Amino acid sequence: MPMSKPSDLKRIAEQSGNEQICYVLGAGFSNESAYKLPVATGFLSREARIYCQDVTNRKGTIAVADHPELPQLLSRLEERYGDLGSLNLESVMSDLFERTAGVGRAWSDRDVATVDRLLLPADPSIQAAADDIPLPPLPQGADLRRDYELLLLYICLRLRIVEVPGAECPAECPAECPMVRRLLHTVRRRDSIITLNYDTIIERHLTYRERGPGDRDKRLENLDLYIGSSGASYSGGGGTMFGRFQPRRGGFLAKLHGSVNWRACSEPACPNHRYIESTDRRRSDNLDGAEQLHCGLCGNTPDTVVIPPVATKPFDRFPKLRLMWLQAYHSLRLANRWVFIGVSLAPTDMHLRSLLRAASEDWIGTEMAPPGQICVVNPDGKVAGRLRECLSPWVQNALSAPDAGIVTFDKISDYLAAVERTDVDRATGSPTADTPTQRHPKVIE
C-alpha cells in the first residue's frame with residue numbers, strides 16, 4: 001500500500017466553504033501534550049500523581065500513596081492481573097466490567113445466601129466442625145464491583161490533573177498546552193473532533209479561546225445539549241425530538257468513550273438515569289469541597305460515564321453515547337480529510353473499526369476534486385496498515401492509485417507544520433446547508 005510522505009499533504013479544495021476536516025484523537029495525543037497523560041500500558045502506577053481538592057475548593061495534586069483507598073486497589077489489581085507496569089488499563093477495565101455487568105457476571109457473582117456464615121469465622125485458625133466439609137467460596141461479585149468503581153475513580157483523578165491551575169500544579173501541568181493550542185488554531189468551525197479519550201484537554205482549551213459570552217464554541221454547546229435531557233440547553237428550553245445529526249453548519253465534538261467529567265444518575269427508575277450531564281456546567285469550583293453531587297430528581301449519587309472498550313458497549317445504560325457515534329459517522333462521512341492522531345486502532349475495538357468501515361463506504365471525500373485524504377500521526381508504522389484494513393474496498397482501491405495513499409507523520413509537530421503550510425489560506429467561515437450528499441456508483445477495479 002502506498003504511504004505518502006509528510007510533504008505530500010494536499011491542500012483541501014474549497015467548495016463554497018464546504019471543506020471539512022475530521023480529527024480522531026487517541027491516547028497518544030494526550031500523552032504528547034504538555035500534561036503527559038498516560039497511555040493504556042503504564043496507566044496503573046503507584047508513583048503517579050492524582051487530582052485533589054480540599055474543603056476550600058483549592059485544587060492540587062497528591063501522590064496515589066496518599067489516597068485512602070487507591071493503594072489497596074492497585075495491590076488487589078496486581079494480585080489479580082500481574083505486574084502493574086505491564087498491565088493494560090483497557091484490558092483490566094474490560095475484565096472487571098464483564099465480570100460485574102457483562103456476561104461474566106454469571107460466574108463472578110455468587111449468591112450470598114448459599115454461604116453458611118457459621119463455616120466462615122473471622123478467625124482463620126478456627127476450622128470447620130468436620131475437616132472433610134469443604135468451605136464454600138466467598139462471594140466475589142461485591143468485591144469486583146467495588147474495584148471497578150474504584151478503578152473509575154482512579155482514572156478520573158489521574159486524568160483530572162489538567163484542571164489544576166498552573167500556579168498550583170507541578171511544571172508538567174501548565175494551564176494550557178502549546179501543542180493543543182496550535183492544533184486548535186488550525187481547526188475551523190465546520191471541522192469536527194472525535195476523541196476516544198476520557199480526559200478534558202480539548203474542552204478546556206476550547207474554553208480558553210473564549211473571550212466573552214458570545215464566543216462560546218458551538219461544539220461545546222452542542223455537546224452539552226445532546227448528552228443531556230430534553231431541557232438541557234443553555235436557553236432552558238428543550239430541543240426538537242428528532243433531527244438530522246450531520247455537521248452541515250458546524251462541526252461536532254464527540255467523545256465516544258465517555259468523559260471523566262460526565263455523570264448520570266445511578267438510580268435505574270429515575271428519569272435522569274439515561275441522560276448525561278457535564279459537571280463543568282455546574283461550576284463545581286463554586287461548591288464547598290465537602291459537597292457531593294446528587295440527582296435533582298431522586299437524590300441519588302451519580303455514576304461516572306467512562307466506557308470500557310468492550311465488545312458490547314453499554315448503550316442501553318447510556319443511550320446518549322449512540323448519538324455521539326452517529327455524529328462521528330456523519331463527521332467522517334462529510335469530511336475532506338481524516339486525521340488520526342495518537343490512535344492505536346486496537347483490533348479489540350470493534351465499534352471503532354465498524355464505524356470507519358461504514359463511514360468510508362459513504363465517504364463524500366472520494367467524490368471531490370481533489371479527492372479526500374487520510375492522515376495518520378503515530379510513530380508506530382503499523383497503525384496505517386491497521387487503518388487500511390478498516391476501510392471499505394472502494395477506499396482501499398482508491399488508496400492504491402498512483403500519488404495516493406495514507407499520509408503518515410511520526411510526530412504531531414510534523415503534521416502541524418504541514419497543515420499550517422498547506423492550509424494557511426483556508427477559509428474560516430462555516431459551511432452552507434448544501435453540503436453535497438449525492439452518491440455515485442463505485443466500481444472496484
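Arg353 is buried, with 16% relative accessible area, where buried means under 20%, exposed over 50% and partly exposed in between (1.4 Å probe, protein chains only). This is a predicted model, in which local features need pLDDT of at least 70, side-chain atom pairs count only at pLDDT 80 or more, and totals for chains, interfaces and linings use all residues. Residues are numbered from 1 along each chain as its sequence is written, and side-chain values use heavy atoms, with hydrogens and water left out.

Arg353 forms a salt bridge with Glu389, that is, a side-chain nitrogen of Lys or Arg within 4 Å of a carboxyl oxygen of Asp or Glu. Because Arg353 belongs to helix H10 (residues 350–361) and Glu389 to helix H11 (residues 383–390), the pair ties together parts 36 residues apart in sequence; helices are DSSP runs (H or I, at least four residues), numbered from the N terminus. Glu389 is exposed, at 51% relative accessibility.

By the same rule, the count comes to 19 salt bridges. The table lists some of them.

| Pair | Closest N and O atoms |
|---|---|
| Arg160 and Glu163 | 3.0 Å |
| Arg182 and Glu420 | 2.7 Å |
| Arg353 and Glu389 | 3.6 Å |

Arg182 lies in helix H6 (residues 178–186) and Glu420 in helix H13 (residues 412–422), so this pair ties together parts 238 residues apart in sequence. Arg182 is partly exposed at 32%, as is Glu420 at 31%. Arg160 is buried at 16%, and Glu163 is buried at 7%.

The structure holds 0 disulfides, a disulfide being a pair of cysteine sulfur atoms within 2.5 Å. Cys156 is buried at 4% relative accessible area, and Cys177 is buried at 2%.

Technical notes. Helices (H or I, at least four residues) and strands (E, at least two) are DSSP runs, numbered from the N terminus.
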